[in-house]
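Visitor: Hi! Could you walk me through this structure?
Guide: Happy to, let's take a look together.
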Amino acid sequence: MPPTTSRGPNAQRGLDTTVLLAFSLGVAQLWLWPRTPEGVMEWLVPVAVVAAVAGVLPRPWRRPLLAGLFGACWAFWVAASGMASRLDPALEGVDLRVEGLVADLPRRDSDAVRFRFCPRQAWRADTGEAVAVSGCWRMAWYARHGFGEVREPVPGAMEELPDMRADQQWRLHVRLRRPRGLSNPGGFDSERKALETGLGAYGYVRTGSPQVRLDDTAGINRLREHIASHVDGIFPAQPRMAALLRGLAVGDRRGFEAADWASLRMTGTTHLFSISGLHVGMVGVFVAMLMAGLAWCFPALLRWAPRRVWALPPAVVAATGYAWLAGFEVPTRRSALMIAVAAMILLARRRGSLWQGWCLAMAAVLLLDPLAVLSIGFWLSFLGVAWLLLAGQGRARQAWWRSATQAQWAVSIGLLPVGIGFFAQASWISPLVNLIAIPWVTLLVVPVLLLGVGLLAVWAPAGHVLIDLAARLLAPLMSALDAVAAWPLAASWLAEPSALGLASATVAAVVVLLPVQRRLRWLAVPLLLPLFLATPLRPSFGQFQLDVLDVGQGTAVLVRTRHHALLFDTGARYPNGYDAGEAVIVPALRALAVGRLDALVVSHADSDHAGGAESVLREVPVLRLLAGERLPQGVQATAPEAESCLAGHRWHWDGVAFELLHPPPRYPARGNEISCVLSVRAANGEAALLTGDAGELAELRMLALHRPALSSRVLVLGHHGSTTSSSTAFLDAVGASLAIASAGYRNRFGHPHIDVLRRLDWRGVEVATTWRTGAVHVHLGGENPTWTASRSRRQLWHEP
């Protein structure tokens, strides 16, 4: 006879937990889908196989397996629907007339208003034909010519910026593109973020055309905007403080500057200065305690319902209201749902462990929003709680300060692999800083601030006094964070970790946090070493690695030898604040474990080649700077004294020869024609030629003076593949087998030009364009020269 306990209530509860966990793991497999299946059969076949296996397994295993299968299918269906809601490729670059709603708080900069726009209907501007649109778009309305999020100049005449407000309805004349991002080592995955947040397109308003405001609606965003303007009015001379308080009160992070984010990131306190799960939970707990105290003061209330009934539903309402006030974005929505699940468990008086509640909350979140699994906040929230539960097992009651210290230690150690996996950074002072900052912000600043916000509608002067008090409480903390963030050892940037390194570090965290014998915890040391000591393989002596980064419409090429690194050009910097140096190059250098640059070559002063130089020079030590012409003033202020690029200048690193082929001394040209041209040649003779924006005149001069040195296996096309470069004689002299065009997606110049592509095709040259391939990685000097593309590892949410 089977043991009776297999059908008892405890066994059933354990099975329920297993089912919930299996469902969550099934949803999490969304990270493993390499691409969107072309047809239904491609994913129905493995589903049918798993279902058939489930049918023959022992009964206790069927439900978890089927739950995991359901989670996988549910997540894939929602993700596929999100991908299908993206802009029709046939509408990219087409002028449209659209009507819709401004669905967030517009961000007003000096050159543009940026906003989230949810369309209701749309028509082609040229024919008036109605077109199907769905999802929401990230839009920009420019005041003048400039570069925007679509990374191309905006056509049209000079216009004043509109007085655009949240929850307004507009009829706009727009041009759109699908949410295609850049793909680089250590880079931000904007396409994953677009799927997670429901963005179907990026675009801009066409200036010079009539734009009509249709109506105003009274929604939550209008209330958020009203509160934000009140806070700004209280601190007209302190924009930083106003931005921080707006972030804590209504989740408005429009005024956060790069320096603010850097300070918070270095100290590990980013989570404190936006409405996070911690703050939503604090509001719920505060209201629950208030209502429980009310029931204690008026015992007659307990005749109608027990104390938990008086306390828990108002707590859920308060937490949900606070999340609603923050715009009900994914992190706050997830936190409110977790609180609601915990309240239901307590109201139902179900017996069960904290782990069962954790599994139920996670499964409920993923059932309602399976795309939350793509969010970094999801992993930080649930894994943070999991580490707290794990660290608390078997612990005796102890003093509050010791419990708080151990809790902070557990979260910091447990989330270290997650932080390094997502951000490639470890903040060493984060545990100590958060031990002070979390209670200071959560228990002092936020309650005073929210009470002040609540009083604005009832008694505005009192509300202003409390908001000012919140600022006074926050000011010394921010000063301390700025000072600590400036410490040289506050945080470390690590190379991009491998899956094995992350898994090993996770096991190390478990060993440290479990209540095991102290001598066994020393096992964590060797388990952590792969995470901190792992570095990308370096080229052998006489070989080099060429990385053509995907910086949009610009150029940035990294050359690495055994012990040295050189950067050729630094991408663009646009008026909207996008800086390729800060957004692409510096993260790529950190991910590739390049701690310094032995040389930085800026081919010429055009923005798409020199725009990111200031950020690179600020963040990375540079020993030597070479430039084709005088660099912008901001670069000059932060750079070592620049040397002029001169043809004939040669040097060797680790058996690899570097030679400048252009410009010659006292060359009279300016702009593109004075661009530096660099040849990098391995010991076996294989070479790469980096040409900047050099045109046909420069090519003719190099053909006359340096023809033998032009022979190269890899050619980075001049001027991004423009017809002003890559003449037939030049291509014949180079004789490349691979040509790389560094160009932006749907750039207005049409780079690389069709004529250049035809010349290359006629010569049998393979062509890689960065907007299509992402960053291109070429290893030269070995027996079998190979190249790989970042986009070759495409996942479900990536554009083809």
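Guide: One definition before we start: a disulfide here is a pair of cysteine sulfur atoms within 2.5 Å. Also, keep in mind that this is a predicted model.

Visitor: Okay, how many disulfides does that rule give?
Guide: The count comes to 2 disulfides. One of them joins Cys118 to Cys136, with an S to S distance of 1.9 Å.

Visitor: Which hand does the link of Cys118 and Cys136 have?
Guide: That link is right-handed, with 90° about the S-S bond.

Visitor: And is Cys136 buried or exposed?
Guide: Cys136 is buried, as its relative accessible area is 12%, and the cut-off for buried is under 20%.

Visitor: Which cysteines form the other disulfide?
Guide: Cys645 and Cys676, whose sulfur atoms are 2.2 Å apart. Cys645 sits in the loop between strand 16 (643-644) and strand 17 (650-653), and Cys676 in the loop between strand 18 (656-662) and strand 19 (677-681), so the pair ties together parts that are 31 residues apart in sequence.

Visitor: What about the torsion there?
Guide: The torsion about the S-S bond of Cys645 and Cys676 is about 95°, so this disulfide is right-handed. Both Cys645 and Cys676 are buried.

Visitor: New topic: how many cavities of 30 Å³ or more are there?
Guide: A search of the whole structure finds 2. The second largest cavity has a volume of about 40 Å³.

Visitor: What lines the second largest cavity?
Guide: Its lining residues include Thr555, Val716, Leu717 and His719. By class, the lining has 2 nonpolar, 6 polar and no charged residues.

Note on methods: Residues numbered from 1 in each chain as written. Predicted model: local features only at pLDDT ≥ 70, side-chain atom pairs only at ≥ 80, totals over all residues. Heavy atoms only, no water. 1 Å grid on protein atoms, 1.4 Å probe; cavity = no way out; pocket = protein on both sides within 12 Å on 5 of 7 lines; lining within 4 Å. Points joined across faces, edges and corners; volume = space filled by probe spheres on them. Nonpolar A, V, L, I, M, F, W, Y, C, P; charged D, E, K, R; others polar. Buried < 20%, exposed > 50% of the residue type's maximum accessible area, 1.4 Å probe, protein only. Helix = DSSP H or I, 4+ residues; strand = E, 2+ residues; numbered from the N terminus.
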